[in-house]
Structures are given as structure tokens and as C-alpha cells.
Amino acid sequence: MQTSTIEIEGLSIALREAGPAGAPAFLLLHGWPQSSYAFERVIGRLAADYRVVAPDLPCIGGSQGLPGAGDKRTLARLMRGVAETCGLRQLWPPAMMSAARSCLPC
């Protein structure tokens, strides 16, 4: 797993990423007040078969800058920018449940 920072709409977005570049992908979004650190143990397990990107939402964790609004539409647009900048072409919801079940404790 590596950490990096990308710029989306003038905001500095910190992220954790791992896995093969061309593999189906997961974009892991944390809740408030967590950061991408919440996924640290899961990322390694998913990365064997998937491309995994876990950004810190704006103003949380290592991310810097305040978006013009904090509504769902703005956050969705920013996360779409993260996905595009990271080259995530196959965000794969069908794999989410089976992969999540294999990574999380019962």
C-alpha cells in the first residue's frame, strides 16, 4: 500500500492505494469523523485481486482545502474526480459484497 496526494478542483486529497492497476476497483469512502486509516487492514486483503483507492474526504485526515459546499452532489463530483485521476475504470459493485465478506471478521 502506498500513500499519495492528488489535486481535485483545487483541493489536496490524500489517499491510500494498492493493487494491480488494470484490475476491477474499489473506491472506499470513510464515514465522519474517520479517515482512510479506517480501511488500512482491509486494503491489503482486497489488493490481491482488486485495485483499491481510499481517499480522505476533504478537510479530514491528510486532505487539505474546503470545498465550496459539503452536500452529497459536491462530494460525489469530487470522488468521481478521484476515481478518474487514479484511472479507476471498473468500479465493481458486484464484487463488493463477496470481497467485503471475505475481509471482515464475523
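Two strands are taken to pair if DSSP finds at least two bridges between them. Helices (H or I, at least four residues) and strands (E, at least two) are DSSP runs, numbered from the N terminus. The model is predicted: local features need pLDDT of at least 70, side-chain atom pairs count only at pLDDT 80 or more, and totals for chains, interfaces and linings use all residues. Residues are numbered from 1 along each chain as its sequence is written, and side-chain values use heavy atoms, with hydrogens and water left out.

Strand β2 (residues 11-18) pairs with strand β4 (residues 51-55) in the antiparallel sense, over four bridges. Within this pairing, Arg16 has Ala54 of β4 as its bridge partner. An antiparallel pairing also joins β1 and β2, over seven bridges, and here the bridge partner of Ile8 is Leu11 in β2. The four strands make up an open sheet in the order β1-β2-β4-β3, with mixed pairing. Because β1 (2-8) and β3 (25-27) stand at the edges with a single partner strand each, one side of each is left without a neighbour in the sheet. Neighbouring strands of the sheet are turned by 25° against each other on average, direction ignored; axes are lines fitted to C-alpha atoms, for helices over the stretch in contact, and angles run from 0 to 180 degrees between N-to-C directions.

Helix α2 (residues 72-85) packs on the sheet and touches β1, β2, β3 and β4, its direction making about 120° with that of β1. Contact means heavy atoms within 4.5 Å. The 14 residues of α2 should span 20 Å at 1.5 Å a residue, and the end C-alpha atoms are 20 Å apart, which agrees; the expected span is 1.5 Å times one less than the number of residues. Thr74, Leu78, Met79, Gly81, Val82 and Ala83 of α2 are buried, where buried means under 20% relative accessible area, exposed over 50%, and partly exposed in between (1.4 Å probe, protein chains only). These buried residues pack against β1, β2, β3 and β4. Just after the helix, Gly87 takes a positive phi of about 75°.

A nonpolar core is a set of buried Ala, Val, Leu, Ile, Met, Phe, Trp, Tyr and Cys residues joined through side-chain atoms within 4.5 Å. The largest such core has 15 residues, and those with the most contacts inside it are Ile6, Val82 and Cys86. Two or more residues are given to this core by β1, β2 and α2, with α2 giving the most, four residues. Leaving aside neighbours within four places in sequence, Val82 is in contact with Ile6, Ile8, Ile13, Leu15, Leu27, Val53 and Pro55. Another core lies apart from the largest one and has 11 residues, among them Ala18, Phe26, Val42 and Ala47.

Most residues other than glycine have a negative phi, and most peptide bonds are trans. In the hairpin of β1 and β2, which has two residues between the strands, Glu9 takes a positive phi near 50°. Cys59, in the loop between β4 and α2, has a positive phi of about 70° although it is not a glycine. Cys59 is partly exposed, with a relative accessible area of 46%. The peptide bond from Trp32 to Pro33 is cis, with omega near 15°, and Pro33 is placed in the loop between β3 and α1 (40-46).
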